[in-house]
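Open the model in your viewer and keep the selection panel at hand. The stops below say what to pick and what is there.

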Amino acid sequence: MNLEQEKEFAAKEAVKLLTDNMIVGLGTGSSSVYAIREIAKLVSNGLKIKAVPTSNKTKELAEALNIPLIDINLINSIDITIDGADKFTSDLILIKGGGGALLREKIVASLTKQEIIIADSSKEVKQIGKFKVPIEVIPFASNYILSQIKILNGIGKIRMEGDRPFKTDQANNIIDADFGIISDPTSLSKKLNDINGIVGHGIFIGLTSKVIMGKGDSTIIFD
């Protein structure tokens, strides 16, 4: 059983939670693509939902699959979001942002009543930190933030796309920061939140309702 099949199993389990008239958040990344395709099948069979995409790429896929969308600024809450993660722990601390959509993903998660993370078995870790922390920053502040990351005993590097800095959907830069294994994610999250010029970072704490992880030909739930 390969990791792609595990993602698909997790996605199929997650979409069972959808019911008519829900507002549904659509995540970004390879795991989320499986969920979006499953949601499209349900919609074609009569499921009535409206969806909020977490990236331009997800928006394009949803539109291509005829999933009805709604502007996030027209709603006050989201019933359920199905998204992926780069790494997660059994106590539902996540690292997200490998695909560059962490800011919109965090905003959608903050509006969501039930945040469901789907993942393959390679994404589970005892402690976060081996996967670098993506940090979305305004370009004007990039060098300043690199120096602040150093003060926090981290090593930051601006993410590149070819010979230019990677740009998010909000036209910001991403710094991938290596803090080593993070013993106190809550403290680091707060310290990053206090740095001017950071608009969002990939440590997600207190936002996830459950993780559905594919494992072989079955799923394991963390909640």
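Select helices H1 and H2: they cross with a right-handed sense (the near helix is turned clockwise from the far one by less than a right angle). H1 spans residues 3–14 and H2 residues 30–44; helices are DSSP runs of H or I with at least four residues, strands are E runs of at least two, and both are numbered from the N terminus. The two pack at about 45 degrees, their axes 8 Å apart. Axes are lines fitted to C-alpha atoms, for helices over the stretch in contact, and angles run from 0 to 180 degrees between N-to-C directions. The pair is therefore oblique: under 35 degrees would be roughly parallel, over 145 roughly antiparallel, 65 to 115 roughly perpendicular, and the rest is oblique.

This is a predicted model: local features need pLDDT of at least 70, side-chain atom pairs count only at pLDDT 80 or more, and totals for chains, interfaces and linings use all residues. Residues are numbered from 1 along each chain as its sequence is written, and side-chain values use heavy atoms, with hydrogens and water left out.

Next, the core. Show Leu-18, Ile-39, Ile-67 and Ile-82: of the 24 residues in the largest nonpolar core, these touch the most other members. Such a core is a set of buried Ala, Val, Leu, Ile, Met, Phe, Trp, Tyr and Cys residues joined through side-chain atoms within 4.5 Å. Buried means under 20% relative accessible area, exposed over 50%, partly exposed in between (1.4 Å probe, protein chains only). H2 gives the largest share of this core, five residues.

Center on Ile-67. Leaving aside neighbours within four places in sequence, its contacts (heavy atoms within 4.5 Å) include Leu-26, Ile-36, Ala-51 and Ala-62. Then move to a second, separate core of 18 residues, with Ala-177, Leu-188, Leu-192 and Ile-198 among them.

Now the loops. Pick Leu-92, between strands E4 (87–88) and E5 (94–95). Leu-92 is not a glycine, yet its phi is positive, about 65 degrees. Is Leu-92 buried or exposed? At 11% relative accessibility, Leu-92 is buried.

Go to Asn-153, in the loop between helix H5 (142–151) and strand E8 (155–158). Asn-153 also has a positive phi of about 65 degrees. At 68% relative accessibility, Asn-153 counts as exposed.

Last stop: Thr-168, in the loop between strands E10 (164–165) and E11 (173–178). Thr-168 is buried, at 8% relative accessible area. Beyond four places in sequence, Thr-168 touches Gly-100, Glu-136 and Ile-174.
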